[in-house]
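Hi,

Here is the structure I promised to pass on to you.

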Amino acid sequence: MKTPIRVAVTGAAGQIGYALLFRIASGAMFGPDQPVILQLIEAPVEKALKALEGVAMELDDCAFPLLKGIVQTSDPAVGFKDANWCLLVGAKPRGPGMERADLLKDNGKIFIGQGQIIDAVAAADARVAVVGNPANTNCMIAASQAKRLPPERFTAMVRLDQNRAQSQLAQKAGVDLTAVKDIFIYGNHSPTMFPAFAHANINGQPAAKVINDDAWLQGPFCETVGKRGAAIIAARGASSAASAANALVDHVRSLVTPGAVHSVAVKSNGHYGFDANVWAGMPVRTTTPGSYEILTHYDLSDAFSQQKLAATNKELVEERAFVADMIK
Ligand code: NAX
């Protein structure tokens, strides 16, 4: 039996948490032979902590053989202690009349604190995946607090957007989902994101050739993927939860699977024309479990791709400017 890994999850009693924890405990994230200890962190709010108790009871009631322990806490120093993976899902939602800049600042404060504590108490091999919005900028803030953990350990999730894009292309082409390859998300997890169809392929052929409808690719396709979250809120009356949790399972599973090629928001280091210090979605290949290399060979030199990359980079740079005082 392998040694259990410690997985810290913030916002554990929230919507995504409810769809996520059971899949981690079942082995979907780290594999069917990897035991886990769940370290569940909630805001210090009575209602949330009570709900967390209920979630922990349900986890017990699943009798998952791989689940070797559950910690419930509102103290991040307890929750992140010795954690190998820190999944930062909890964040404040955007309230009525709230400006994006306010959301950036309010959530930024959470990620300053969590970045510092993770750096101080998490395991030496700790990896961080940020879901709470605005995910790219929150991730950048958390990473900037760390002295011990290098920036490449901090990633933000754009996998839901990749999964959405893959599904849309398959439906449009009338092919099985698995026929669609090399569709990656560049930039921000926001409507400015760019699902780069230029280098996607379907059954080994360029996607643009198979679909043969540039107006659809440049218009409705990009728009549907970029605004899918809002469409789900409009239909369901609540934001994406099961699909977001599923995407986080995919994000981490791919990051622990050498050879996997997938979209992750990482410190751009200037690749694809992004500002070097923002966290931007781009394709990576997992090298060893938890580590990756950025794939820089995809050709996005066409005018449409360049314009989309510039727009999403501009937004990331603006977000960075809003929180400049929070970055170390
Ligand atoms: P919920 O509001 O259902 O749950 C959030 C939970 O976080 C709450 O239980 C709250 O008490 C907790 N929380 C707040 N501050 C905390 C803190 N400082 N420490 C620990 N817990 C804290 O939201 P949910 O639908 O689960 O969404 C969570 C986050 O994911 C939101 O920021 C949301 O915008 C973001 N999303 C990101 C996506 C992505 O692709 N990157 C897609 C889905 C989702 O919209």
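This is a predicted model: local features need pLDDT of at least 70, side-chain atom pairs count only at pLDDT 80 or more; totals for chains, interfaces and linings use all residues.

Residues are numbered from 1 along each chain as its sequence is written, and side-chain values use heavy atoms, with hydrogens and water left out.

Let me start with the ligand. Domain 1 (5-156) and domain 2 (159-322) both give residues to its shell, so the ligand lies between them; the domain bounds come from an automatic or database domain assignment. Helix 1 (15-26) and helix 4 (100-121) each supply at least two residues of that shell. Helices (H or I, at least four residues) and strands (E, at least two) are DSSP runs, numbered from the N terminus.

Of the 24 residues around the ligand, Gln15, Ile16, Glu42, Asn133 and His189 come nearest. A residue counts as near if one of its heavy atoms lies within 4 Å. The shell is made up of twelve nonpolar, eleven polar and one charged residue.

For Asn133, a side-chain N or O atom is 2.8 Å from one; for Ile16, a backbone N or O atom is 2.9 Å from one; and for His189, a polar side-chain atom is 3.2 Å from one.

Asn133 comes up again in the backbone: its peptide bond to Pro134 is cis, with omega near -10°. Pro134 sits in the loop between strand 5 (127-130) and helix 5 (135-145). The other point is Ala63, which has a positive phi of about 50° although it is not a glycine. Ala63 belongs to the loop between helix 2 (46-62) and strand 3 (67-73).

Best wishes

Definitions and conventions: A polar contact is a pair of N or O atoms within 3.5 Å; within protein, one must be able to donate a hydrogen and the other to accept it, and residues adjacent in sequence count only if both atoms are side-chain atoms. Ala, Val, Leu, Ile, Met, Phe, Trp, Tyr, Cys and Pro count as nonpolar, Asp, Glu, Lys and Arg as charged, and the others, Gly among them, as polar.
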